[in-house]
Amino acid sequence: MASASTSALVPTYARAPIAFERGEGAWLVADNGERYLDFGAGIAVNALGHAHPHLVEALTTQAQKIWHTSNLFQIPDGERLGRRLVDATFADVAFFANSGAEANEAAIKMARKYHAVGGHPERYRIVTFEGAFHGRTLATIAAGGQAKYIEGFGPKVDGFDQVPAGDFEALDAVIGPETAALMIEPIQGEGGVRAIDNDVLRRLRAICDERGLLLIFDEIQTGVGRTGKFFAHEWTGVAPDIMTVAKGIGGGFPLGVCLATTEAARGLTAGTHGTTFGGNPLAMAVGNAVIDVILADGFLEQVQRTGLLLKQRLAALVDRHPRVFTEIRGQGLMLGLKLNVLNTDFAAAARAQKLLVIPAGDNVVRLLPPLIITEDDVAQAVERLDAAASTLEAQVRGAA
Ligand SMILES: *Cc1c(COP(=O)(O)O)cnc(C)c1O
């Protein structure tokens with residue numbers, strides 16, 4: 001029965017009591033007129049901020065032509081976006097999906113099929129790493145390995161083994177004749193902005209090469225300029241065989257992609273995998289528009305400069321409030337503040353200062369601002385973080 005006072009939505013989210021009506025750049029305006037500085041970007045999604053004119057233009061122009069045709073027909077803008085992604089990365093081919101989890105499902109299926117068509121259907125297991133997050137489908141919760149996401153949803157999907165990142169003894173022990181691939185985020189996002197050492201990634205690459213395994217990078221959060229390179233692994237000199245991308249690539253339009261070498265994708269022939277919505281003309285128009293901006297001359301260098309500035313200002317902030325902050329993590333505009341106070345309390349205190357930040361694992365809050373933020377946005381964010389920290393300190397003192 002309908003009820004006016006309670007939500008008709010399944011309460012899977014503890015939502016903050018704010019609804020945003022519109023946005024411009026790094027700013028959001030709530031339906032009561034309050035303005036918030038958005039350093040969450042819808043969890044690293046609004047890479048170009050809100051209502052970016054180039055994206056609005058691409059979406060509205062496309063909306064008047066054609067929205068959806070299915071993948072039974074040619075989609076020229078999808079061919080174009082695929083070509084541009086391939087030209088700018090290690091990859092040879094792209095598979096478009098609608099979300100991160102679906103991109104990871106494609107990656108998992110691709111890795112299994114690669115071995116199956118190579119005469120080794122028994123090689124289906126994938127090794128993942130503690131603290132990982134790969135999505136919320138049945139297979140990707142099994143890949144992520146977090147009990148709180150797995151429990152109560154029936155038997156855990158078989159085929160995933162997890163070890164601590166950097167524990168090469170454990171890794172060696174778990175890799176067996178059934179192992180197909182290793183899957184890792186170069187910087188764990190939901191896990192608390194925890195960077196995997198370059199040296200660890202290099203060793204994973206070497207192990208994959210020695211043992212005939214595929215290396216999968218989940219760059220759903222780290223990709224599309226977030227760390228100041230097009231993809232985070234470019235900082236490391238290590239390339240994967242398969243990489244998944246979502247969040248930022250649609251700039252707010254649901255879009256995911258699984259990129260791979262021709263070799264890694266060899267099993268996914270006509271009819272073996274599919275999607276109704278993935279790669280539709282609306283999504284492809286927006287994806288191309290996002291890439292226009294991200295890959296324009298100087299854009300990524302600007303992200304690097306802004307990221308450095310923000311990190312420097314945060315370092316001073318951490319020094320000023322040692323009772324609240326313990327350290328800064330991350331790269332570019334994917335930064336984390338590890339806290340002495342509860343991260344959800346800190347996020348609420350920041351929200352009271354009209355600044356949006358995002359809690360993550362390991363008692364961290366993430367700063368994932370739109371990549372287009374200005375020096376002034378950085379200054380305002382740090383001011384608001386400072387004020388939030390001061391309120392929490394006052395509360396701690398008040399309680400003592
Ligand atoms: C967000 C995220 C996902 C899941 O993406 P969805 O679009 O929510 O399905 C997977 N992996 C990583 C690293 C992510 O940050």
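Biologist: How far does a polar side-chain atom of Lys247 lie from an oxygen atom of the ligand?

Modeller: Please bear in mind that this is a predicted model. In it, the distance from a polar side-chain atom of Lys247 to an oxygen atom of the ligand is 2.6 Å.

Biologist: Let us turn to the sheets. What is the order of the strands in the open sheet of seven?

Modeller: The general idea is that strands of a sheet pair through backbone hydrogen bonds, in either a parallel or an antiparallel sense. Here the order is E4-E12-E11-E10-E7-E5-E6, and the pairing is mixed. Strands E4 (93-97) and E6 (160-163) each have a single partner strand, so one side of each lacks a neighbour in the sheet. From one strand to the next, the twist averages 20°.

Biologist: Do E5 and E7 run parallel or antiparallel, and how many bridges join them?

Modeller: Strand E5 (residues 125-129) and strand E7 (residues 179-184) run parallel and are joined by three bridges. Val127 stands opposite Leu182 in E7.

Biologist: Which strands does H3 touch where it packs on the sheet?

Modeller: H3 touches E4 and strand E12 (256-260), and its direction makes about 125° with that of E4.

Biologist: How does one read the crossing of H3 and H9, and is it left-handed or right-handed?

Modeller: One considers the separation of the axes, the angle and the hand. The axes of helix H3 (residues 76-87) and helix H9 (residues 281-294) come within 9 Å and cross at roughly 35°. The crossing is left-handed. From H3, the contact is made by Asp77, Gly78, Arg80, Leu81, Arg84 and Leu85; from H9, by Met284, Ala285, Gly287, Asn288, Ile291 and Asp292. By class, five of these residues are nonpolar, three polar and four charged.

Biologist: Which strands form the edges of the open sheet of four strands?

Modeller: That sheet has the order E1-E2-E3-E15 with mixed pairing. Its edge strands are E1 (20-24) and E15 (355-356), each of which pairs on one side only. E1 pairs with strand E2 (residues 27-30) in the antiparallel sense over four bridges. Phe20 has Ala30 in E2 as its bridge partner.

Notes
Residues are numbered from 1 along each chain as its sequence is written. This is a predicted model: local features need pLDDT of at least 70, side-chain atom pairs count only at pLDDT 80 or more; totals for chains, interfaces and linings use all residues. Side-chain values use heavy atoms; hydrogens and water are left out. Axes are lines fitted to C-alpha atoms, for helices over the stretch in contact, and angles run from 0 to 180 degrees between N-to-C directions. Helices (H or I, at least four residues) and strands (E, at least two) are DSSP runs, numbered from the N terminus. A crossing is left-handed if the near helix is turned anticlockwise from the far one by less than a right angle, and right-handed if clockwise. Contact means heavy atoms within 4.5 Å. Ala, Val, Leu, Ile, Met, Phe, Trp, Tyr, Cys and Pro count as nonpolar, Asp, Glu, Lys and Arg as charged, and the others, Gly among them, as polar. Two strands pair if DSSP finds at least two bridges between them. A polar contact is a pair of N or O atoms within 3.5 Å; within protein, one must be able to donate a hydrogen and the other to accept it, and residues adjacent in sequence count only if both atoms are side-chain atoms.
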